[in-house]
Amino acid sequence: MLEIKSNKDEEFDKIIRTNLRKFNKSKCQWMKDNLDDIPEDDYYNFAVYDDGKLVGGATGIIQFDWYFLEELWIDEKYRNKHIGTMLIEKIEELAKNKNLTGVRMETWNFQARGFYEKNGYEVYAQFEDCPPGTIEYFLKKKLK
């Protein structure tokens, strides 16, 4: 009899991710042509320090010829000092050096949509009520 169980085991996650990536590669021509092996996650993070104190940073991952900006945070005392723009520029420099297609991210309506648009990103989709009462925007910027 089939049974479904909740599982937070990292090894389980790796097995599922590996099997899904193998399936995807068998169905996607770009993956067939560009991925010799199923890639491990390729994280590239950037930190900003002021006198040794962490005041901001960005986390992201390279997958499928894109840099996925997962999180960007600046301490409130350091906002409006172009630190976010400097982080975006570093991310785009990395993406260009690695000849990636572009950069993409998600932001909620109470976060930084205007900041990303000011830096050349465009909204390509939105998702409402997750969490309830919000709008999540999906943005991208093609670099090639």
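Let's start with a charged side chain and a ring: arginine 113 lies over the face of tyrosine 137, at 4.4 Å from the ring centre. Keep in mind as you look around that this is a predicted model.

Rings also meet other rings here. A pair of aromatic rings is described by the distance of the centres and the angle of the planes. If you search the whole structure, you find four aromatic pairs. One of them joins tryptophan 108 and phenylalanine 110, and this pair is stacked, with 5.6 Å from centre to centre and 15° between the planes. How exposed are the two partners? Tryptophan 108 has a relative accessibility of 27%, so it counts as partly exposed. Phenylalanine 110 has a relative accessible area of 55%, and because exposed means over 50%, this residue counts as exposed.

Next, take a look at tyrosine 124 and phenylalanine 138. Their rings form a tilted pair, 6.2 Å centre to centre with 55° between the planes. Which parts of the chain does this pair link? Tyrosine 124 belongs to strand E6 (residues 122–128) and phenylalanine 138 to strand E7 (residues 135–142), so the pair links distant parts of the chain, 14 residues apart. Tyrosine 124 is partly exposed, at 37% relative accessible area, whereas phenylalanine 138 counts as buried, at 17% relative accessibility. There's a cluster to spot as well: ring pairs link Phe115, Tyr116 and Tyr121.

Leaving aside neighbours within four places in sequence, threonine 85 is in contact with Phe115 and Asn119. You'll find threonine 85 in helix H3, which covers residues 83–97. Is threonine 85 buried or exposed? Buried means under 20% relative accessible area, and threonine 85 comes in at 16% relative accessibility, so it counts as buried.

Now zoom out to the rest of H3. This helix has 15 residues and reaches 21 Å from its first C-alpha to its last, close to the 21 Å expected at 1.5 Å a residue. What covers them? Finally, follow the chain past the end of the helix: H3 is followed by asparagine 99, whose phi is positive, near 55°.

Technical notes: Residues numbered from 1 in each chain as written. Predicted model: local features only at pLDDT ≥ 70, side-chain atom pairs only at ≥ 80, totals over all residues. Heavy atoms only, no water. Helix = DSSP H or I, 4+ residues; strand = E, 2+ residues; numbered from the N terminus. Buried < 20%, exposed > 50% of the residue type's maximum accessible area, 1.4 Å probe, protein only. Contact = heavy atoms within 4.5 Å. Phe/Tyr/Trp six-rings, centres within 6.5 Å; stacked < 30°, edge-to-face > 60°. Lys NZ or Arg CZ within 6 Å of the ring centre and 35° of its normal. Expected span 1.5 Å × (residues − 1).
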